[in-house]
Amino acid sequence: MRRIDYHTHTCFSPDAISQPEEHILEAIHKGLDEICFTDHNDFVEGGEWELKAADYFQALLPLKEKYKNQIKVKIGIEVGLDMKSKEKTEKLIHAYPFDFVIGSIHTIDLCDFAAEESYFEGKTKQQFHSEYFKAMKECVESFDCFDVLGHLDYVRRYGPYKDSSIDYDLHQDIIDEIFQILIKKGKGIEINVSGFKQFGEGLPNYHEAKRYYELGGRIFTMGTDSHQASDVGRYIDEAIDMYQPIGFHDITTFTQRQKDE
Ligand SMILES: [Zn+2]
Ligand SMILES: [Zn+2]
């Protein structure tokens with residue numbers, strides 16, 4: 001199986017620090033086959049999370065060329081899927097030649113629940129998780145401008161609850177519907193290995209990734225969600241060991257939003 005990092009953030013994201021070139025050097029150092037940059041774009045108030053896409057391509061294209069004999073470099077984006085910013089999001093994706101697009105639910109009705117404590121007022125954990133998966137289902141049904149769904153069970157990190165873990169059984173029906181929509185549309189899921197640090201497994205967990213496969217899904221990417229260069233490639237080997245028994249033979253990679261052969 002190829003070893004890739006298809007989820008990385010650089011100084012083009014407001015929550016990350018490293019220069020893109022440092023990421024590439026780390027990926028080469030770790031012996032990866034490919035790295036894809038996926039800096040953030042979320043259309044939330046203030047504009048801070050909007051990617052300066054022209055500058056981004058201007059910075060990355062020369063690096064892709066410079067290192068082409070050492071590693072494949074792809075230029076992607078992690079775009080927030082939110083029904084309230086659908087048109088703007090589609091316009092952005094179609095305006096630039098991205099290789100790969102992760103679609104993630106970071107906001108619900110443009111509220112960044114990871115940062116807004118008020119979002120949880122009067123809500124049980126179950127209600128929060130229901131709202132999240134409902135928003136996800138609506139977005140994967142409605143949006144086409146993404147290739148894989150980002151960190152399916154990301155909400156297990158958030159909320160004012162003593163135990164923020166997800167009761168998957170309670171939400172399995174809607175998760176299955178989400179997987180079926182993705183499969184029908186020819187879209188994949190990512191295994192976001194940043195979960196290894198906190199949970200000892202990726203996002204989604206093994207059981208949910210296996211469920212996507214059992215329903216017929218075959219498109220898996222893998223990424224660290226690194227926000228600093230030293231994290232590029234971290235936990236990729238552990239994730240391959242853990243998830244490969246699901247049955248897929250290789251990871252999927254993309255060029256110009258088409259699956260590589
Ligand atoms: Zn994300
Ligand atoms: Zn990310």
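Analyst: The four donor atoms around the zinc ion (ligand 2) subtend angles of 83 to 172 degrees, and the arrangement is therefore irregular. Four donors are called tetrahedral if all angles lie between 85 and 135 degrees; four are square planar, and six octahedral, if opposite donors are over 155 degrees apart and all others between 65 and 115, and anything else is irregular.

This is a predicted model, in which local features require pLDDT of at least 70 and side-chain atom pairs count only at pLDDT 80 or more, while totals for chains, interfaces and linings use all residues. Residues are numbered from 1 along each chain as its sequence is written, chains are lettered from A and ligands numbered from 1 in the order in which they are written, and side-chain values use heavy atoms, with hydrogens and water left out.

The protein donors of the zinc ion (ligand 2) are H7 through NE2, H9 through NE2, E78 through OE and D225 through OD, at 2.1 to 2.3 Å from the ion. A donor is an N, O or S atom within 2.8 Å of the metal (3.2 Å for Na, K and Ca); water is not among the atoms, so sites may look incomplete. Along the chain the donors follow the spacing H-x1-H-x68-E-x146-D. H7, in the loop between β1 (4-5) and α1 (20-29), and D225, in the loop between β9 (220-223) and α8 (236-243), are 218 residues apart and link distant parts of the chain. Helices (H or I, at least four residues) and strands (E, at least two) are DSSP runs, numbered from the N terminus. E78 bridges the zinc ion (ligand 2) and the zinc ion (ligand 1), and the two ions lie 3.4 Å apart.

Both H7 and D225 are buried, a term that means under 20% relative accessible area, with exposed meaning over 50% and partly exposed in between (1.4 Å probe, protein chains only). Helix α1 contains H23, which is buried at a relative accessible area of 0%. Contact here means heavy atoms within 4.5 Å.

The strands come next. Strand β3 (residues 72-80) pairs with β4 in the parallel sense over five bridges, pairing being assigned if DSSP finds at least two bridges between two strands. G76 stands opposite F100 in β4. From β3 the chain crosses through helix α3 (residues 86-95) to β4, in a right-handed β-α-β crossover. Right-handed means that, with the strands pointing away from the viewer, the path from the first strand over the helix to the second runs clockwise.

β4 also pairs with strand β7 (residues 148-149), again in the parallel sense, over two bridges, and G103 faces L149 in β7. Five of the five residues of β4 (residues 100-104) are buried, so this strand is largely enclosed by the rest of the structure. In a regular strand the side chains alternate between the two faces of the sheet. Both faces of β4 are covered, with F100, I102 and S104 buried on one side and V101 and G103 on the other.

F98 lies in the loop between α3 and β4 and is buried, at 2% relative accessibility. The C-alpha atoms of F98 and K74 are 8.2 Å apart, although 24 residues separate the two along the chain. Beyond neighbours within four places in sequence, F98 is in contact with residues including I75, G76, I77, L92 and I93.

The structure holds 20 salt bridges, each defined as a side-chain nitrogen of Lys or Arg within 4 Å of a carboxyl oxygen of Asp or Glu. One of them joins E90 and K86, with the closest N and O atoms 3.3 Å apart. These two residues are four apart in helix α3 and are therefore separated by about one helical turn. K86 is partly exposed, at 23%.

Another salt bridge joins K137 and E177 at 2.6 Å between the closest N and O atoms. This pair links distant parts of the chain, K137 lying in helix α4 (residues 125-142) and E177 in helix α5 (residues 168-184), 40 residues apart. R211 and D176 also meet in a salt bridge, at 2.8 Å from N to O. R211 lies in helix α7 (residues 206-214) and D176 in helix α5, 35 residues apart. D176 is buried at 11% relative accessibility, whereas R211 is partly exposed at 25%. D176, K210, R211 and E214 are linked in a network of salt bridges.
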